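Here is a quick tour for anyone meeting this structure for the first time. Take a look at it, then read on.

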Amino acid sequence: MSLFIICVFLAAGLDAAEIAESLVRIEATSQEPNYKAPWSPGEVSSGVGAGFIVQGDRILTNAHVVSNARFLTVSKEGDPKPYSAKVMYVAHDCDLAMLAVDNAEFFNGTTALELGDIPAIESGVSVYGYPIGGKRLSVTRGIVSRIDFQTYSHSGMDSHLTIQIDAAINPGNSGGPVMQKGKVVGVAFQGYSGDVAQNVGYMIPTPVVRRFLKDVEDGKYDRYVDLALTYHNLSNPAARKALGLPADDAGVMVDSVYGGGPSDGIIHPGDVLLRIEGLRIASDGTIDLDGGSVPLTEVVERKFRGDSAMLDILRVGASRQVKIPLGDAWPFALQSKAYDEKPQFVVFGGLVFQPVDKNFMDAYKPGNLRLDYLFDFFVEDGIYRDRPQLVVLSNILPDSVNAYAKDFLFSVVDEINGQKIHRISDVASAFEKASDYYVIKMLGVGRPLVLERKAVEEARSRILQRYGVTSEHYLKK
Amino acid sequence: MIRQIVTLLSLAPLLTFAAPKQLINHPYAAAEPSPSPLDEPQNTGSQGSRMVAENSILRVNSTNQAYDFFQPWLKKSPVSRRGVGVLVQGGCVLVTAELVMNSNFVELEKATTAEKSSATVERVDYDCNLALLRPSDPGFLEGMKPLTLEKSLRVGNEAAVLQLEPNGEIAQTIGQITSISVGAYPLENLGLLQYKFRVPLQQRDSSFTLPAVSDGRLVGLLMRFDARSQSADLISTPVIRHFLDSPAQARFPRMGLSFSALRDPQFRRFIGLTEPGGIYVNEVSPHGSAAEAGIKRGDVLLALDGHAIDQDGNYDDPNFGRVLFSHLTNTVAKLGSEVTFTIFRNGKLIEIPAVMRAPDRSHVVSDVQLADQPPDYIVLGGLVFLELSRPYLQEWGNDWVNAAPKRLVYYDAFQNELPEGRGKIVILAQVLPTPETLGYEDLQNLVVTEVNGKRVQSLSELAEALKKPLKGFQKIEFEEDPKTIFLDAASIEANQKALIERYSLPALQRL
């Protein structure tokens, strides 16, 4: 095994030795919140990832290497001393993070790596990191197989430009640099397990990395921006004729514009998008950018909060130009995995109430058809307009006070004592108001769940003690 | 289970169980001797069963062919099913509806002589999973003797399940009734009385449509069997009797309400209920028996024709023990008969009479089953349109709830909550690519809202709307993306023949 590593090391030549000086091994101790016991700080676990040094004595790595981290140490190849590090910025929507090291000595004798461009298809690359199979640096080589948009599995919702390579990428490679001609051309971040596909690894290309570096220049990370609309292709000749479009294969038709998003009120469903920032939009929604054909959203991908996008549109046969001030589309956040956040909850009479998000659904897997619908179509069917949060009865800590509440598990709370529940904080405030009975109405359930105040008060300390509930609620400010 | 849709009905026939005088008038009861004491062991000796085999049971062979809802102009491969039917009064053979569902050809076969006659399905009711077959040869059943129905059964009673060996010998397996309760019947999900039966059966025919007899009388008809637990579900005698006594087209009456148990003392105090028992009405479906009678959400049903209803919805049946009150309303009661509920409403006790009705099918958004009828469809230039139904979703296999398109599954599951007058849900099921559908090849399972500016709530409304294209275009709008598509009306018209030939379609629509 060690023989193999040394061979590869030598084959990589002088390059590899220099790169090794910039490579960082990251050991993260993290604590993942337990959504099924949201008051608990969660189980402690540890993991190893890679990172590399960039300009300004900073370390770049993947967001997923340092997510939910409580304690981080970094070490250099050939130096046994671990240094304590901290997260400066983390971008969960593109799986990148920047670390700083408290002790500046760490950077003595290291070289900051430079970022390269998008490598050519079929050109060779080397992947550096600390994958399973040993403790020391490992290098694997491969070629660039494909350049395309891919979903970033860290959030599960965002897709950005991604480069597929055929070098082996394994757990522990995450965050390591992918090198070509002495420059970083990508950050290794995800792959398939061997039983799904062979020799398929993915790296984050430098346009995404550069965007992240630029975004944090002002001292905070603002996330990607989005138009928050959907469109469909206009390749059907009859559709083009009906809309009064020439047979020039340009333009897409807007289907939905999400309420509260950046395009709301500016773009209408049915509008035809012809150009974005002056670039012609083909009838399949692509534009020509930097010599390649990419989805029109790539223009928006490269923008920042506060920027705007100019669109040439056709509305009911008349052309016009509109300017969209870019921001993010918050309702989607519910459907992407969240990190570095404490789960919100309210415990009352042994009933646990929680807002629904992706983490919640993954933890509980409720298998409740109504809840599945509300979650899956939260954005598409505009459910968020009425209910910015879906609050459910997520768990019951059994006690005589709630002995008959089981039928209501995973129901969405609609009203408590006549007060509409739009978010978890409404649950807390409704229970704070004194009342002989607390009448909890659930969506789609005819019968309300009723608790007597007297019974709840009697059970209160008993339940907290019995189930080790350290706090009765956590609400984000 | 909070939501339990129950069908309720009327009460006059309650007396059927209590007063033998009424039984005399009962066509299927006339030949019955007076009931034997319930604890008397049942005789299932081989002598008796041989007589039964020769005189009252027949092998039934059915070749069934269901429609393919993915390609509604086609039928699937034929499937052969065999079961054992029972001769009942009136010259007909009783089998499960499932045995002859979508049948092309049905054949009756005498056990010992292997004489055969083709047969027609005289009546079928998918609510109760029962069908009556009549031989084409009127003299075929001559010399055979109809079986009478056993009236009352208790948990613990034994009965013999009859199967036929290839040589015509009767194979009888003794089993025992382990519970009697109202449970969902397989085809319509209607809750009706059924017996759970433990019996070590062997697979002999390709179905478990088999009669269970006791002391020369029919006890029930097997409709499900789980070989691992050796447990069977039997269609109960009251359900069989209701079916046999009802006029040809009558369906089982239903109450049309859902309820939840009233076990929680905090909730009972909250609504001020001091009476014992009772169930809470969660929902009343429009146009149903409960709605017409004026029963409302929030009512507490305390008693039904003098039978107290407990906190779980059960009453004490003189014959079957504690069973759900819906047995009284949907099986004991007949269509059109009246039952009276004692109801707790706003702190007062009131009596509300209800006339038992069959469910109003004209309001059903997604049909639970569509056996024996070809599904309607329209093909427009390659776009295939259907009405949403459970059989369409079931084409995704046993795991259809998770595998079928989610929006359609939700529409099917929560159809009762759709605004009244929603009509049917017309979907663009798939696209057969043609020059007219360029760019639309990937569209599938989209809910159609409007066509050429007209709301579309059935396939016939779709056909009407398609007759009036807008400025030469067929404009179709969907609930989801893409919201709007256009097709060239003239080009579709001109290429109809080419489309038919390209995909070997028998017709471009069936309505």
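Helices (H or I, at least four residues) and strands (E, at least two) are DSSP runs, numbered from the N terminus. On that basis, chain B has 13 helices and 30 strands. Keep in mind that this is a predicted model, where local features need pLDDT of at least 70, side-chain atom pairs count only at pLDDT 80 or more, and totals for chains, interfaces and linings use all residues. Residues are numbered from 1 along each chain as its sequence is written, while chains are lettered from A and ligands numbered from 1 in the order in which they are written.

Of the 511 residues in chain B, 44% are buried (20 or more other C-beta atoms, placed from the backbone, within 10 Å of the residue's own).

Now for the cores, meaning sets of buried Ala, Val, Leu, Ile, Met, Phe, Trp, Tyr and Cys residues joined through C-beta atoms within 7 Å.

| Nonpolar core | Size | Members include |
|---|---|---|
| Largest | 158 residues | A:Leu96, A:Phe353, B:Phe385, B:Ile427 |
| Second, separate | 97 residues | B:Leu87, B:Leu133, B:Leu162, B:Val199 |

Leaving aside neighbours within four places in sequence, B:Phe385 is in contact with residues including B:Tyr377, B:Ile427 and B:Leu462; contact here means C-beta atoms, placed from the backbone, within 7 Å.

What does each chain bring to the place where they touch? Chain B gives 29 residues and chain A gives 28 residues. On the chain B side, S29(B) gives the most, with 5 residues. Helix H5 (265-270) and helix H10 (406-413) of chain B are among the elements that each supply at least two.

Notes:
Buried ≥ 20, exposed ≤ 12 C-beta atoms within 10 Å, placed from the backbone. Contact = placed C-beta atoms within 7 Å.
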